[in-house]
Amino acid sequence: MAAAGYVLGVDLGTSSVKVVLLDSLLKTVTDSSCFPTCSETSSTPTTEHAREQDPARIICTLDRCLAALPRDRLSKVVCVGVSGQMHGVVLWKSKTGCEWSSSDAGYRFRPRDVSTLITWQDGRCSSEFLSSLPKPESHLSVATGFGCASIFWYSKHRPEFLSEFSMAGTIQDYVVSMLCGSESCVITGQNAASWGYFNTTKNQWNMEILKAAGFPVRLLPEPVESGAIAGRTCSEWHGIPVNTPVGAALGDFQCSVYSCMKNRTDAVLNLSTSAQLSFAMPADFTPQTIPDPASPIAYFPYFHNTYLAVAAALNGGNVIATFVGMLTSWIREFGAEVPESEVYSRLVQSALIQPTTDLCVTPTLLGERHNPTSLGLVSNISPSNLSLGHMTRAMCRGILTNLATMMPPEVLVAAGVKRIMGSGSALARVEVLKQELERAFPLPVVYGEDVDSAVGVAMVFSDRL
């Protein structure tokens, strides 16, 4: 029987941090808090296409989220679960990765000897560089922005940088290690698989392949089962008691699916910064042993040795955010200032009164992992379709059309999918995306705007109490 109290769910997303308190007995969310991280750092002139974030800003945002939760409930937290953006890598010195301090708000930690977070959006690994890497013993391909690819890049171009650190992990692995006061790091198969060079069937790194290629394997975290407990809090933390169990960090994607998928015949769409559409594979499914780089569908490890079929598009809500940023910049060049929130609102309203368009937008600004050189395109332009309404409608349609090209509706039907569970911040914020989802996929759609990775990771560990 579950222990009375609350499970804290933390999600360290690409653009925001969210925390929730889940009643461990009632299985309901009692409190939540979410703030943007604003953690992007400026790319250095010597590193083209770099996408990095400042871990200190991420942790500061996490502190802000926790400070907004009721302290009396935080004192009754019985387990902490952490999920976050997959693929990315942060490095730190194992003995001095953070420093703890106390204040009126309680104890908290600050990153100390830590690198920037090289995110999943990082583009420094060119196709030529990736082709020079050894072939993995895994069903998953290696792409730019994947942890092992990024470390390979540093190993070749800036080996002295790697020598400064003794441990590596995703940003969520780092947070778990600091909370537990651990000088080592554990990683679940969900996050390890997102780095590349990981055999999900054996739950092992491709050690021999990596060693032979000169990869610094000393940095790799130790694989553990998804859903395992990594340790216990080494200190009181924002009122959460010392010695509270902390789960090994999970992937934000798997946690969002866990919170949404009510039946095995459900497909789950998570449309936030990027976009992922997935459904559960049969329990006896085993992926092939070699990757198929040209396939738009990948198989991600889930829980209990099962897999999800996933179309993971790099282009989602970030496309709209880029468009908003472009418009805001143009407006500023004319000497005016319009808040981005107002630009978003105007775009959505203009598209809602423009129910159709013959303008075509291929919104693959970042390419796709299975086709990295195919970038964005606007076509069929005419004097009659140049309004904001036409452009926004076409852009939203293009986002869903791209996803439907990667995982066609007939694939869902053949797999026995009966409905799509729609979630994610972009889908919640932009009504036009919902309309285009229903146009692209002729299946019933159920929306769960309040269902996300923070809720999912809390549910995972609440179910294990």
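First, the ground rules. This is a predicted model, where local features need pLDDT of at least 70, side-chain atom pairs count only at pLDDT 80 or more, and totals for chains, interfaces and linings use all residues. Residues are numbered from 1 along each chain as its sequence is written, and side-chain values use heavy atoms, without hydrogens and water.

Helices (H or I, at least four residues) and strands (E, at least two) are DSSP runs, numbered from the N terminus.

Start with the packing. Helix H1 (residues 55-67) packs on helix H6 (residues 171-180) at about 65°, and their axes are 12 Å apart. Axes here are lines fitted to C-alpha atoms over the stretch in contact, and angles run from 0 to 180 degrees between N-to-C directions. Which residues of H1 and H6 meet? From H1, Pro55, Ile58, Ile59 and Leu62; from H6, Ile171, Tyr174 and Val175. Contact means heavy atoms within 4.5 Å.

Next, helix H4 (residues 147-157). Eight of its 11 residues are buried, so H4 is largely enclosed by the rest of the structure. Buried means under 20% relative accessible area, exposed over 50%, partly exposed in between (1.4 Å probe, protein chains only). Among the buried ones are Cys148, Phe152 and Trp153.

Last, the loops. Most residues other than glycine have a negative phi. Lys27 has a positive phi, near 60°. Lys27 sits between strand E2 (16-23) and strand E3 (29-36), and is partly exposed at 38%. Asn305 also has a positive phi, about 65°. Its loop joins strand E20 (298-301) and strand E21 (307-313). Is Asn305 buried or exposed? Exposed, at 70%.
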